[in-house]
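Q: Could you walk me through reading a structure like this one? I'd like the general idea and then the case at hand.

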Amino acid sequence: MHSTQEAQLVLGMVNLNSKIHRKLASALSAHGLGVSEFLVLLQLKLAPNETLRRVDLAQKVGLTASGVTRLLNPMEKIGLVEKTASSRDARVSLVALSKSGKRVLNEVDAAVNDAAQSLLAPLDARQKEQLGSLVAAFA
């Protein structure tokens, strides 16, 4: 099979994504979290008032609306997130980061940083800066 340079780059990024996911999953599993749960907690932490509409949360973490609902139900049961109704529109379902969710995020911070440093260890500071610029171009 003859692949274009672009196809080779995309396939390389897919393989890199798998490696990143495995490394993060390993670091997070010790804290009882999966990568998707971590991303939900992180997006809520970054959101104004630590609250997002379900549909916005789904988009930010790359899930469908039903996928994020399936993910949130057990997270709510163990107290990591809280569901609330919108004061403006009763049809809108909001998700907020709970105190327990904040605590868990703080606990996993070192593990995530260690995993990131391990993954990026082959790069020097200039290469990390360049990679950051390239990644930002896709954001």
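Q: Which residues of α1 are buried?

A: Some ground rules come along with that. This is a predicted model, where local features need pLDDT of at least 70, side-chain atom pairs count only at pLDDT 80 or more, and totals for chains, interfaces and linings use all residues. Residues are numbered from 1 along each chain as its sequence is written, and side-chain values use heavy atoms, with hydrogens and water left out. Helices (H or I, at least four residues) and strands (E, at least two) are DSSP runs, numbered from the N terminus. Buried means under 20% relative accessible area, with a 1.4 Å probe and protein chains only. In α1, the buried residues are L24, A27 and L28.

Q: What covers the buried residues of α1?

A: Look for contact, meaning heavy atoms within 4.5 Å. Here the cover includes α2 and α5.

Q: Why does the length of α4 agree with its residue count?

A: The expected span of a helix is 1.5 Å times one less than its number of residues. Helix α4 (residues 65-77) has 13 residues, so it should span 18 Å, and its end C-alpha atoms are 19 Å apart, which agrees.

Q: Which residues of α4 are buried, and what covers them?

A: G67, V68, L71, L72 and M75 are buried in α4. Their cover includes the helices α2 (35-46) and α3 (54-61), plus the strands β2 (81-85) and β3 (93-97).

Q: Which residues touch the most other members of the largest nonpolar core?

A: In soluble globular proteins, nonpolar side chains tend to be buried together. A nonpolar core is a set of buried Ala, Val, Leu, Ile, Met, Phe, Trp, Tyr and Cys residues joined through side-chain atoms within 4.5 Å. The largest one here has 28 residues, and V40, L41 and L57 touch the most other members. α1, α2, α3, α4, β3 and α5 each supply at least two of its residues, with the largest share, six residues, coming from α5.

Q: What is L57 in contact with?

A: Leaving aside neighbours within four places in sequence, L57 is in contact with V40, Q43, L44, L52, V68, L72 and V95.

Q: Which helix gives the most to the lining of the largest pocket?

A: On a 1 Å grid over the protein atoms alone, a pocket is an open set of points where a 1.4 Å probe fits, with protein on both sides within 12 Å along at least five of seven lines; lining residues have an atom within 4 Å of a point. α1 gives the most, with seven residues. The lining has 22 residues, and L16, N17, I20, L131 and V135 lie nearest the pocket's centre.

Key
Buried means under 20% relative accessible area, exposed over 50%, partly exposed in between (1.4 Å probe, protein chains only).
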